[in-house]
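The sequence and structure are shown first.

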Amino acid sequence: MKKYTPAILFLIMMISFGYQLKAHVEEYALAWISFSNFFKKMMGLFL
Amino acid sequence: MELLLITSFMGIAQYYFAGTLKFEHLSGRLVCVGVLVSAQIIVTELILGIFGFLYAPLLILVNSLLSLGLIVYSAKQKSLRDLFIEDIKIIQERKKAIWAWENVALMVLGLFVTVWFFFAAYFLPPRGVDDLGYHLPVIYEYILQHKIVLLPIELRFHFAFPFNAELLFLWPAMILHSQQWVDIVQFFMAVLGVGVVYSFARMMDLKSREAFFVALLFFFTPIVLNQIGSNYIDLTYNVFFLTSLYFVLRSCLTKNLTYLYIAAISTGLLLGMKYGAIPLVIILQFFVFPMLARQYRKQLVWYVMIIVALGSFWYVRNWIVLGDPLYPTFLDTLGGSAGNFSAHGPISIGKNMHSFFTKVKVLYSHDVGLGSFAGGFGMVFWGMAFPGWVYIWVNSFKNFTQEGFLRWIFWTQMIFGLAVVVLAPVPMEEFKYISRYSLFVVAIGLIALGKVLELLQFHKIFLKTIKILCIYGAALSVILLSDSAWPVYRLNTAILDRRDGENPSEFRYYRDGVWFLPPMSYSAELLDLLTRGDAKGLSCYMASDYAAFWTTHIYGSKLQNRVWNFEKNPSRDPDAYIYQTLESDQVVYIGRKITLGEIALNPAYQLIAATPYSSFFIRNEFFENKDKIALLLKYYEETFPFNIEVAAKVKEHLEPDIPFVLDNSVGHGFQYFKFKGDLQNKVYWVPPDYVGSVIEREKLRVFYTFGYSFPGFSSHKIYDAMLDGQVIVIYKNQK
């Protein structure tokens with residue numbers, strides 16, 4: 001069992017992380033739009 | 001500049017002093033410096049404030065002398081140069097670990113977000129809900145009254161809370177006499193948090209590389225990033241819980257008196273920050289006190305005395321003044337009345353237990369409060385650190401030597417922290433505001449993640465994947481700031497204004513916020529703009545519904561104004577009045593009841609800014625100064641160009657000497673022409689519902705109205721004006 005512990009832990013973490021990513025994808029996508037818009041605007045201003 | 005100088009001097013003095021104390025690790029010593037500097041700031045402000053000597057020059061002088069004393073004392077023990085060289089050597093030994101690729105990635109991201117925070121603190125006003133309601137007004141009153149005072153608890157019971165953490169915000173506000181940098185204080189608390197997480201990680205035998213990695217990840221926790229730019233004190237409070245925990249566990253482990261006393265200082269400060277610290281400290285002491293009692297018999301009295309000295313002031317004050325040390329009664333807090341946030345009413349403990357499992361599920365799957373200062377532990381915590389912690393905690397039962405037990409105490413704090421969140425007696429709709437109370441669990445989870453990373457060190461692919469995903473999670477937390485409403489971090493408008501050569505009041509950027517901030521922005525910006533160049537500004541009265549009774553903006557960006565309602569014995573009537581009903585019609589009056597009607601119909605004052613739910617009046621005398629008129633005209637031109645345009649068209653159709661009575665936003669336009677001396681008609685601009693009263697008071701027989709004919713008069717249309725896409729008819733009414 002001890003031999004497989006790292007792999008099991010890794011697998012659990014990946015599943016859990018994936019679940020969190022899926023659960024919040026909308027919030028992060030909206031934030032990304034604001035973030036990239038800001039940079040586009042600033043690039044337009046200063047470049 | 002003086003702020004930077006005195007704070008750096010204090011930092012160097014405490015660093016030097018800490019160098020003379022017995023520490024096993026540099027990281028622990030640097031954390032100790034953070035605790036001692038905070039303690040020095042808080043204690044000197046408290047003492048000067050209690051005795052009514054809270055003046056900036058005196059505060060600077062006292063702290064300079066104290067720091068000088070520390071330097072003189074330390075110089076007898078050790079050379080500062082030697083200490084510094086030793087420390088640089090230690091850091092250089094860790095060079096490889098610090099410059100590991102994953103740490104460099106996080107540091108680059110950290111640099112980017114640090115610049116963002118400094119820009120936000122410089123350009124944007126304080127803008128968190130509780131910041132405006134009580135965290136900041138309290139310390140601004142301390143600054144203006146030069147003593148620690150209790151603000152009217154009939155307005156907010158929060159004014160009687162412990163305020164040790166807010167005294168840290170007082171530091172830049174007092175020295176600069178400005179609100180500008182109060183939102184950067186918690187940045188340094190986040191850095192202290194990184195330091196304590198690193199120290200803990202090393203205590204848990206993590207290698208420097210992993211310890212540094214998880215410590216940096218703490219900085220990128222969404223709620224940490226969101227609270228840095230606010231004056232919500234949960235970040236400071238939780239970091240101080242971690243420092244207390246660290247030093248008390250170190251004192252148990254090492255039998256080193258230094259740790260014991262630093263633990264006492266940290267715990268004392270913590271207790272003076274929030275009532276919520278009491279159960280956490282009691283639980284912690286329950287585990288460690290028997291050990292401390294065995295190891296430090298005689299010194300334990302000092303341990304307790306330091307805690308009491310640093311943490312008890314607010315409780316004693318409340319006991320003497322309000323008859324209740326934990327006002328508004330601790331039992332009420334447990335029962336829910338102080339635990340809930342709005343008018344939903346208390347929730348019983350039984351009912352709360354019923355929703356226990358729903359709350360656990362929601363906490364994990366929704367990461368409640370994400371994207372605001374109220375919550376959001378982030379996907380690195382819930383996705384990686386929390387599962388890692390479960391594994392580490394279960395394994396911690398295997399070793400129950402004294403050291404093993406102390407480690408178990410550390411890991412188990414996660415349970416107490418999460419219990420505070422899910423057992424807090426608040427209804428489900430307010431659950432999203434709670435997780436901030438226990439953000440220290442993130443630190444524990446991240447250290448567990450570090451332990452798991454070490455477990456995976458021989459599985460490079462696993463290790464790298466996890467590290468890459470953690471960096472990805474950190475980057476997402478930063479991106480999340482772009483869309484944050486609580487508080488807002490968007491700098492677009494501020495940067496555009498600077499590009500256009502404008503230097504508006506920072507309160508203009510309330511308009512980029514949400515909830516009450518946009519409607520409040522008009523009076524907030526104008527009041528500040530008119531007074532910010534004055535050494536002594538205006539004394540402003542506020543009457544508002546309870547929820548929107550926020551006063552931070554009234555003080556002005558340079559703390560030049562007074563809130564008349566909070567003055568103990570005001571020598572004269574207010575110079576300005578702000579009335580607002582933004583959430584309900586139930587107006588709260590503090591100090592004296594002065595109604596909107598009294599001021600709206602008082603010819604000594606005039607309305608200069610209004611929205612459908614708020615009105616801002618200033619005494620006429622104020623505009624005897626031509627410079628003030630120039631500022632007002634500039635404000636109207638920049639803020640209400642459309643209303644000026646409408647007024648310009650309307651005034652072309654007016655017969656001279658016939659007054660105009662109106663109750664809408666075109667009033668800004670008419671005021672513009674009136675102050676410019678470019679209007680031959682008298683204008684009566686009043687809040688909605690006061691048109692009839694002013695006509696009656698002035699006994700008007702003939703007058704113009706905007707949008708409707710006045711009943712009881714013969715009226716005829718003189719002009720069709722366009723306002724917000726609608727045709728508005730101008731009537732001439734006469735008897």
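## Overall dimensions of chain B

The C-alpha trace of chain B spans about 95 × 55 × 50 Å along its principal axes. The model is predicted: local features need pLDDT of at least 70 and side-chain atom pairs count only at pLDDT 80 or more, whereas totals for chains, interfaces and linings use all residues. Residues are numbered from 1 along each chain as its sequence is written, while chains are lettered from A and ligands numbered from 1 in the order in which they are written.

Chain B contains 30 helices and 11 strands, these being DSSP runs numbered from the N terminus (helices H or I, at least four residues; strands E, at least two). Of its 735 residues, 49% count as buried; a residue is buried if 20 or more other C-beta atoms lie within 10 Å of its own, exposed if 12 or fewer, and partly exposed in between, with C-beta atoms placed from the backbone. Among the contacts in chain B with a separation of 6 or more, 72% join residues 24 or more positions apart, a contact being two residues whose C-beta atoms, placed from the backbone, lie within 7 Å.

## The five-stranded sheet

Five strands of chain B form an open sheet in the order β8-β7-β9-β11-β10, with mixed pairing; two strands pair if DSSP finds at least two bridges between them. At the edges stand β8 (683-685) and β10 (714-723) of chain B, each with a single partner strand, so one side of each lacks a neighbour in the sheet. Neighbouring strands of this sheet are turned by 20° against each other on average, direction ignored. Axes are lines fitted to C-alpha atoms, for helices over the stretch in contact, and angles run from 0 to 180 degrees between N-to-C directions.

Strands β7 (residues 660-662) and β9 (residues 702-706) of chain B pair in the parallel sense over two bridges, and Val661(B) has Thr705(B) in β9(B) as its bridge partner. Helix α29 (residues 666-676) of chain B packs on the sheet, touching β7, β8, β9 and β10 of chain B, and its direction makes about 145° with that of β8(B). Helix α30 (residues 691-698) of chain B lies across β7, β8 and β9 of chain B and runs at about 150° to β7(B).

## The β10–β11 hairpin

β10(B) pairs with β11 (residues 726-734) of chain B in the antiparallel sense over nine bridges; the bridge partner of Asp720(B) in β11(B) is Val729(B). The two strands, β10(B) and β11(B), form a hairpin with two residues between them, and Asp724(B) in the turn has a positive phi of about 50°. β10(B) is hardly covered, the count of buried residues among its 10 residues being zero.

Helix α13 (residues 257-271) of chain B is mostly covered, with 13 of its 15 residues buried.

Asn399(B) is found in the loop between α20 (379-396) and α21 (402-423) of chain B. Asn399(B) counts as exposed because it has 11 C-beta neighbours inside 10 Å.

## Contact between chains A and B

The contact takes 22 residues from chain A and 27 residues from chain B. On the side of chain A that touches chain B, the elements giving two or more residues are α1 (5-23) and α2 (25-46) of chain A. The largest share of that side, 11 residues, comes from α2(A).
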